[in-house]
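Biologist: Could you take me through this structure? I would like to begin with the overall picture and then turn to particulars.

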Amino acid sequence: MDIIKSVHDEITTINQFPDFKSGDNVSVSYSIKEGAKERIQKFKGDVIQIKGHGATKTFTVRKISNGVGVERIFPLNSPNIVDVEVLKRGKVRRSRLFYLRDLVGKKAKIKERKIFK
Amino acid sequence: MNGLIGKKIGMTSVFGEDGSNVACTIVEALPNKVVQVKDQDSDGYNSVQLGYGAAKDKNVTKPMRGHFDKAGVDPVKTLVEFRDFEIEKRVGDNVTIEDVFEEGDIVNAIGTSKGKGFQGVVKRHGFKGVGDATHGQHNRQRAPGSIGAGSTPSRVYKGMRMAGQDGGRRVKVRNLRIVKVLSEKNLILVQGAVPGHKGSLVIIEK
């Protein structure tokens with residue numbers, strides 16, 4: 001295990017993003033290469049899972065697009081992820097929010113966690 | 001054929017230049033000692049015998065001790081012969097990763113696959129099983145089906161694929177790409193899976 005970690009330390013660059021948790025509403029800026037052109041696509045949705053650790057950590061973002069649920073798994077340390085912006089902090093009671101898949105409409109909404117400074 | 005003996009460390013993934021996520025296996029290959037060099041005059045063919053892993057004194061038999069003494073090297077656990085080794089080496093020399101591999105090389109990986117125990121034909125040979133769960137079928141979903149004709153030949157042909165021990169045998173996986181070579185750590189990253197469990201012996205040949 002330590003050898004695997006040492007390999008990651010050498011090869012993978014860890015992305016520095018603002019801290020986010022399951023239930024947070026985020027906007028992921030992902031760079032897409034089309035031939036020679038490069039553009040940035042944003043994927044906006046709720047984080048429903050954060051999985052793994054270290055260099056191979058991933059997170060899943062779920063959004064409703066045209067009435068269809070869409071989930072996308074991002075490797076946290078992918079060089080293609082330009083930025084992760086936290087739009088809203090969610091108030092949830094578990095770290096894996098798979099129950100959202102079975103809910104529609106207002107029930108599928110995550111309550112916002114208000115932070116008072 | 002050039003090669004090295006190493007140890008499977010485990011799997012991970014690294015990012016390629018285009019940002020793609022590449023699954024790869026980490027193989028640790030410490031410098032291998034050349035124990036014997038065979039050539040056309042001495043043995044009728046060219047090969048190099050490499051040794052891996054220090055052996056305990058009590059585990060070395062007398063004949064093997066003689067073999068190691070002749071080469072003037074410390075006893076090793078594993079000896080593997082590589083035919084037509086293209087790198088010029090003499091007995092007692094070390095063969096390192098740098099000597100043999102570089103990034104982008106296409107290699108074969110040989111190892112002992114994970115033991116699966118006694119398995120049926122569906123897992124062992126990829127049979128589809130017989131028929132449906134319904135339509136009068138009973139207890140047949142993972143059955144092998146017919147194993148041959150009746151009165152002629154009135155026996156089962158040799159080599160008929162049946163249930164039995166699966167895994168735990170020598171497997172060679174061909175055409176794996178070397179993603180990265182970390183020579184100061186004696187590590188190679190091979191794209192894809194390599195047979196065997198973590199810590200098992202792996203031969204990487206080019």
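Modeller: The discussion below covers the chains, their contact and several individual residues.

Biologist: Before we start, what should I know about the conventions?

Modeller: This is a predicted model, in which local features need pLDDT of at least 70 and side-chain atom pairs count only at pLDDT 80 or more, while totals for chains, interfaces and linings use all residues. Residues are numbered from 1 along each chain as its sequence is written, chains are lettered from A and ligands numbered from 1 in the order in which they are written, and side-chain values use heavy atoms, with hydrogens and water left out.

Biologist: Which secondary structure elements does chain A have?

Modeller: Chain A has one helix and five strands, where helices (H or I, at least four residues) and strands (E, at least two) are DSSP runs numbered from the N terminus. Along the sequence the pattern is α-β-β-β-β-β. The C-alpha trace of chain A spans about 45 × 40 × 35 Å along its principal axes.

Biologist: How much of chain A is buried?

Modeller: Of its 117 residues, 37% count as buried; buried means under 20% relative accessible area, exposed over 50%, and partly exposed in between, with a 1.4 Å probe and protein chains only. Chain A exposes about 8,000 Å², and carbon and sulfur atoms supply 50% of that area. Accessible areas come from the Shrake-Rupley method with a 1.4 Å probe, and for residues only the protein chains shown count as cover.

Biologist: Let us turn to the interface. How many residues take part?

Modeller: The contact (heavy atoms within 4.5 Å) takes 18 residues from chain B and 16 residues from chain A. The two chains bury about 1,300 Å² between them, 69% of it on carbon and sulfur atoms. Buried area here is the accessible area (1.4 Å probe) that two parts lose on being put together, summed over both.

Biologist: How many salt bridges and polar contacts are there between the chains?

Modeller: There is one salt bridge between chain B and chain A, a salt bridge being a side-chain nitrogen of Lys or Arg within 4 Å of a carboxyl oxygen of Asp or Glu. Three residue pairs are in polar contact across the interface, with both residues at pLDDT 80 or more. A polar contact is a pair of N or O atoms within 3.5 Å; within protein, one must be able to donate a hydrogen and the other to accept it, and residues adjacent in sequence count only if both atoms are side-chain atoms.

Biologist: Which residues form that salt bridge?

Modeller: B:Lys185 and A:Glu10 form it, at 2.5 Å from N to O. The pair crosses between chains, from the loop between S10 and S11 of chain B to helix H1 of chain A. B:Lys185 counts as partly exposed because its relative accessibility is 30%, and A:Glu10 is partly exposed at 36%.

Biologist: What covers the buried residues of that helix?

Modeller: The buried residues of H1 (residues 2–11) of chain A are A:Ile4, A:Ser6, A:Val7 and A:His8. Their cover includes S1, S2, S10 and S11 of chain B.

Biologist: Changing topic, which residues of chain A are linked in a salt-bridge network?

Modeller: A:Arg62, A:Glu71 and A:Arg101 are linked in such a network. The side chains of A:Arg62 and A:Glu71 meet at 3.0 Å, N to O. A:Arg62 is buried at 14% relative accessibility, whereas A:Glu71 is partly exposed at 30%.

Biologist: And A:Gln49, is that residue buried or exposed?

Modeller: A:Gln49 counts as buried because its relative accessibility is 12%. The residue lies in strand S2 (residues 37–51) of chain A, and its side chain makes a polar contact of 3.3 Å with the side chain of A:Arg96. Leaving aside neighbours within four places in sequence, its contacts include A:Ser22, A:Thr58 and A:Phe98.

Biologist: Where does A:Gly90 lie?

Modeller: A:Gly90 is in the segment after strand S5 (81–88) of chain A and is buried, at 7% relative accessibility. Its C-alpha atom is separated by 5.7 Å from that of A:Lys111, 21 residues apart along the chain.
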